[in-house]
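Please walk through this structure with me, one step at a time. Keep the sequence and the 3D view side by side.

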Amino acid sequence: MIRNHTLKQRDWYLNKLIAFQDTEPVKVVTGIRRCGKSSLLKLMTAHFLESGIREDQILEMNFESHDFSKMSGDDFYQYVKGHTLPDRRMYYFFDEVQHVPGWENAVNSFRVDFDCDIYVTGSNAYMLSSEYATYLSGRMIEIKMLPLSFAEFIKFYGFEIREIRGAFGETRKAVWDANGERYELREVFNAYLRFGGMPGIADVGLNQERALILLEGIYSTVIMRDILERESRKGERRVSDPELLNKVALFLADNIGSTISVSSIGNVLVNEGLLESGNRKGAPSAHTIQAYVRALQEAYVFYGIKRFDVRGKEFLRTQGKYYIVDIGLRNYLLGFRDRDIGHVLENIVYFELLRRGFDVAVGKVDNSEIDFIATKADSKMYVQVTESMTSEEVRKRELAPLQKIRDNYEKIVLSLEPGLETTYEGIRSVQLIDWLLSE
């Protein structure tokens, strides 16, 4: 399998930025570290240069660089002012801008004082807190960036999908790399399940040892820099215990797709011997655990999802679910294993639905559960995810919750082995990999 060091396209995100270019709102790209935000800004810079914008109209600042590490908000403003042409429209690109104290004031001042188009990135949701919203309320567009989808994974690694014909005239998809080697589509999907979608892995190749080193670096940087070293915020508990933070991350990673009561995580960790209770203090308080879970969510490592009562038409306050932003990161944390493939597939489908612009909830119908209710604008879709639909027992289990819903919105079951039947009382059985590769 090949690798390529050139800057690779992320067309969906780039087109989103291009759609808002030269509009007043500040374009804010958010997402976990190393998911491709900096590369996206470089792609946008290249787009402007190709469009005829002069190099001196573009100002790029990466606040991970030592050059800007001691910068205050006032320093930031003066630096940009000194590099701004008075008679030209400017294009500002500020990478990981949350490292600058008071950056919100500075960015708002640029918008007011200069003829400019502003693009910023950040690896922590705190940058979009109420404080930020106060400065730029209604004047920002957030673009939420995720690691590679399976379709992007295929393009990143230089694979090409082609239809091939079998001995009896049936067709199926196969994959070729740039060297002309052929792979089964399922092989490539299994590589995605193993390595995940962090773009940097394409530079080191699909090699387990090198990939784990890269994932360890990402995880350590997120934990140490984006969470433990962040400023303590007024009214919130300080997240300061690296052991507890790591144990909470391991617990959430081990329980993706399971209903979780955050208040009980501490007790579970102590009961399972994963955490010392110490000095008769018992488990960490529910408020402490909540703060640590929130910190992991704000760093875009985990995404929480609420449960929705289909009959009562309301969100439930109890026991949501959590999914990890990248399966490769989960494999780094827990090791490679096959025993919970159903929840792994759920995890992948959840983020694919987010990529496609859906708001997603877990569905509850009486005592049954629907994996996902996906809604946007005037459309809605009910989704079940399972490894295989070939067993009668599994079919009954997966179809039963969907059969209880009487509305006319789309209902599908996604699986790696959908079986021979394609519909059951209007419920479609769809091959998961085909769905991931569909538009």
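Strand E3 (residues 90-95) and strand E4 (residues 116-122) run parallel, joined by five bridges. Take one position in this predicted model: Phe94 has Val120 of E4 as its bridge partner. Strands of a sheet pair through backbone hydrogen bonds, either parallel or antiparallel.

Now widen the view to the sheet around this pair. Five strands make up an open sheet, and the pairing is parallel. Read across, the order is E2-E3-E4-E1-E5. Which strands are at the edges? They are E2 (58-62) and E5 (140-144), and each pairs on one side only. From one strand to the next, the twist averages 15 degrees.

Next, the helices on the sheet. Helix H2 (residues 37-50) lies across E1 (26-30), E2, E3 and E4. Its direction is at about 165 degrees to that of E3. Helix H3 (residues 73-82) also packs on the sheet, where H3 touches E2 and E3. The direction of H3 makes about 150 degrees with that of E2.

Turn to the charged side chains. The model has 28 salt bridges. One of them joins Glu64 and Arg225, with 3.4 Å from N to O. Where do the two residues of this pair lie? Glu64 is in the loop between E2 and H3, and Arg225 is in helix H9 (residues 208-228). The pair links distant parts of the chain, 161 residues apart. Are these side chains buried, exposed or in between? Glu64 is partly exposed, at a relative accessible area of 31%. Arg225 is partly exposed too, at 34%. Both residues belong to a network of salt bridges that links Arg33, Glu64, Arg225 and Asp226.

A second pair is Asp434 and Lys173, whose side chains meet in a salt bridge of 3.6 Å, N to O. Asp434 is partly exposed, with a relative accessible area of 35%. Lys173 counts as partly exposed as well, at 31% relative accessibility.

Finish with Arg397 and Glu398. They form a salt bridge, and their closest N and O atoms are 3.0 Å apart. Is Glu398 buried or exposed? Glu398 has 7% relative accessibility, so Glu398 counts as buried, the cut-off being under 20%.

Note on methods:
Residues numbered from 1 in each chain as written. Predicted model: local features only at pLDDT ≥ 70, side-chain atom pairs only at ≥ 80, totals over all residues. Heavy atoms only, no water. Pairing = 2+ DSSP bridges. Helix = DSSP H or I, 4+ residues; strand = E, 2+ residues; numbered from the N terminus. Axes fitted to C-alpha atoms, helices over the stretch in contact; angles between N-to-C directions. Contact = heavy atoms within 4.5 Å. Salt bridge = Lys/Arg side-chain N within 4 Å of Asp/Glu carboxyl O. Buried < 20%, exposed > 50% of the residue type's maximum accessible area, 1.4 Å probe, protein only.
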